[in-house]
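Visitor: Good morning. Could you take me through this structure, one piece at a time?

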Amino acid sequence: MNKQAVLSLSGGMDSSTVLLRLLADGYEVTALSFDYGQKHRVELDRAQALVNYINKERLSLTPKGATEYYPKVKYGTIKLDGLAPMLNSALVEGGDEVPEGHYEQENMKETVVPNRNKIFSSLIQAVALSIANEKNTNVHIAMGIHAGDHAIYPDCRQEFRDADYTAFTEGNWDAGRVSYVTPYLNGDKFDILKDGGECCTKLGLDFNKVYANTNTSYKPININDKWYSDYKSASSVERVEAFIKLGKPDPVEYADASGPVGWDTVEQHVKEVLENA
């Protein structure tokens, strides 16, 4: 039996890379996304597109076609209808404008969604424990949290994870069968992106196709029914910074109020933000 993992797949760069890492490490993955009324719902479309791409490519591979032949990814979206109007956050529909700049700025706390990871965690734990009991095996819950999240998002810190896990084990029989894996907890987005490239090579996947099917932008722009990423919100700045450090252009398409823009414009803007941070 393959190792079992349940992944919170947001559709962003971090959790998408965790999916690659799990597959490269021989896990059978159940991936879950959450529709909680976020403004950047395009991330859900990207998550589905990525899973579709990975599963399609899997069918074209043989054990000789990649270092590891991975199992099909199971995927589902959980809708939290009615929650957004009750939340005070710039990230949800009806909230204030998403701020621009670098994550180190104080105003980035406006992007916190109250108790978001606790809400997600409870549902993921329920699924993971169900799989553990059904298959009589241990299950890992995988998350893409990383060092860059810690300052702004308390629910990404290890202290929260430990306390949350204690509550989970206290409230459920056989919860010890479920444990966490956070491969990028002490890394940053560059480390994540670098590992993603290595996983793509191992799995026989196209790096650009993988990351074109992700969304990191908190302020995506719709032009003629096509979604583009912004390059000025904090999440986008951090992503672009990682691609700059990697020495590769981001395959995601970018735009601003004037329309679509090229990588040179995106790169120059982020370099200026970093110089002034």
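This is a predicted model: local features need pLDDT of at least 70, side-chain atom pairs count only at pLDDT 80 or more; totals for chains, interfaces and linings use all residues.

Visitor: How many residues does helix α5 have, and which ones are they?
Guide: Helix α5 has 15 residues, numbered 189-203. From its first C-alpha to its last it reaches 21 Å, close to the 21 Å expected at 1.5 Å a residue.

Visitor: What caps its N-terminal end?
Guide: Asp188 caps that end of α5, with a side-chain oxygen 3.1 Å from the backbone nitrogen of Phe190. After α5 comes Gly204, whose phi is positive, near 75 degrees.

Visitor: And what do the buried residues of α5 pack against?
Guide: They pack against α1 (13-24), α6 (207-212) and α7 (234-246). Among the buried residues of α5 are Phe190, Leu193 and Asp195.

Visitor: Which residue meets Asp195 in a salt bridge?
Guide: Arg21 does, at 2.8 Å from N to O. Asp195 lies in helix α5 and Arg21 in helix α1, so the pair ties together parts that are 174 residues apart in sequence.

Visitor: Is Arg21 buried or exposed?
Guide: Arg21 counts as buried because its relative accessibility is 18%, and buried means under 20%. Asp195 is buried too, with a relative accessible area of 14%.

Visitor: Changing topic: how many salt bridges are there?
Guide: The count comes to 13. One of them joins the side chains of Glu28 and Lys74, at 3.1 Å from N to O. This pair links strand β2 (residues 27-35) with strand β3 (residues 74-79), and its members are 46 residues apart.

Visitor: Which residues are linked in a network?
Guide: Asp35, Arg41, Lys79 and Asp81 are linked by salt bridges in a network.

Definitions and conventions:
Residues are numbered from 1 along each chain as its sequence is written. Side-chain values use heavy atoms; hydrogens and water are left out. Helices (H or I, at least four residues) and strands (E, at least two) are DSSP runs, numbered from the N terminus. The expected span of a helix is 1.5 Å times one less than its number of residues. Buried means under 20% relative accessible area, exposed over 50%, partly exposed in between (1.4 Å probe, protein chains only). Contact means heavy atoms within 4.5 Å. A polar contact is a pair of N or O atoms within 3.5 Å; within protein, one must be able to donate a hydrogen and the other to accept it, and residues adjacent in sequence count only if both atoms are side-chain atoms. A salt bridge is a side-chain nitrogen of Lys or Arg within 4 Å of a carboxyl oxygen of Asp or Glu.
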